[in-house]
Amino acid sequence: MKRAVLLHGTDGELGEHWFGWLSTWLEARGYKIFEPQLPNCHTPDRREYHHFLTHQGWDFADNLLVGHSSGATTVLNLLQSNDIPVVETAILVSAFLNECLTIGTNQYEPGQFDNLWPEVGFDAEKIRRGARRILFIHSDNDPYCSYDDAREFADKVGAEFVAVHDGQHLGLESGLRELPQITDYLDSIALYENGRSRDSCNENN
């Protein structure tokens, strides 16, 4: 059975904005879904999240991982950890890589994200090896998560990058209930894999 993990962002809730739509779409295509309510998500902590996620009895091997905002950061933390098996696909929506845009705004709370990122930074090579394919989806006017930083980091980890024009933070405040860039990408993978399987059968015959 295909498996998918959906990870919400800071102060997030299960099924918020487009997550409910995506979960329904995935289940219709045979996916088993793991969509946990992350603990103490006002102050996301990579160690707390990691312990929580790895003690739920979920098999991460060959999964689809989808994260939004600090949930996308958590996907990166999982990909570079030593005790998570290689996943099939990682999709990072509005990846929160630093506080550069939040400082000085009413969204900024000093110390809130002190334990979200690795002390020594992300290991791009480990992340690259942690998933067979990686996709970043990012709005060109995200007010909290830098578009330029996301694009640069996507290049470092060999990821594909999809820009969304005027999408803000690609969440509820953006008015989004669906994010077809995700399902378009997954459909394109399925078409490629099906075509490759047919080619292999033809060669064997």
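Me: How much space lies in the largest pocket?
Reply: In this predicted model, the largest pocket has a lining of 22 residues, and Thr10, Gln107, Tyr144, His169 and Glu173 lie nearest its centre. The lining comprises 5 nonpolar, 12 polar and 5 charged residues. The space in this pocket is about 530 Å³.

Me: Which element gives the most residues to the lining of the second largest pocket?
Reply: Nearest its centre lie Lys2, Tyr31, Leu186, Ile189 and Ala190. Two or more lining residues come from each of β1, β4 and α6 (180-204). The element that gives the most, with 5 residues, is α6.

Me: Which element supplies the largest share of the largest nonpolar core?
Reply: This core has 39 residues, and Phe60, Leu79, Leu92, Ile134 and Phe136 have the most contacts inside it. At least two residues each come from β1 (2-7), α2 (46-53), α3 (70-79), β4 (87-93), β5 (131-139) and α5 (147-156). The largest share, 5 residues, comes from α3.

Me: Is asparagine 77 buried or exposed?
Reply: Asparagine 77 lies in helix α3. Beyond its neighbours within four places in sequence, asparagine 77 contacts Arg46, Leu116, Pro118 and Phe122. Its relative accessible area is 12%. Because this value falls under the 20% cut-off, asparagine 77 is classed as buried.

Notes. Residues numbered from 1 in each chain as written. Predicted model: local features only at pLDDT ≥ 70, side-chain atom pairs only at ≥ 80, totals over all residues. Heavy atoms only, no water. Core = buried A, V, L, I, M, F, W, Y, C linked by side-chain atoms within 4.5 Å. Buried < 20%, exposed > 50% of the residue type's maximum accessible area, 1.4 Å probe, protein only. Helix = DSSP H or I, 4+ residues; strand = E, 2+ residues; numbered from the N terminus. Contact = heavy atoms within 4.5 Å. 1 Å grid on protein atoms, 1.4 Å probe; cavity = no way out; pocket = protein on both sides within 12 Å on 5 of 7 lines; lining within 4 Å. Points joined across faces, edges and corners; volume = space filled by probe spheres on them. Nonpolar A, V, L, I, M, F, W, Y, C, P; charged D, E, K, R; others polar.
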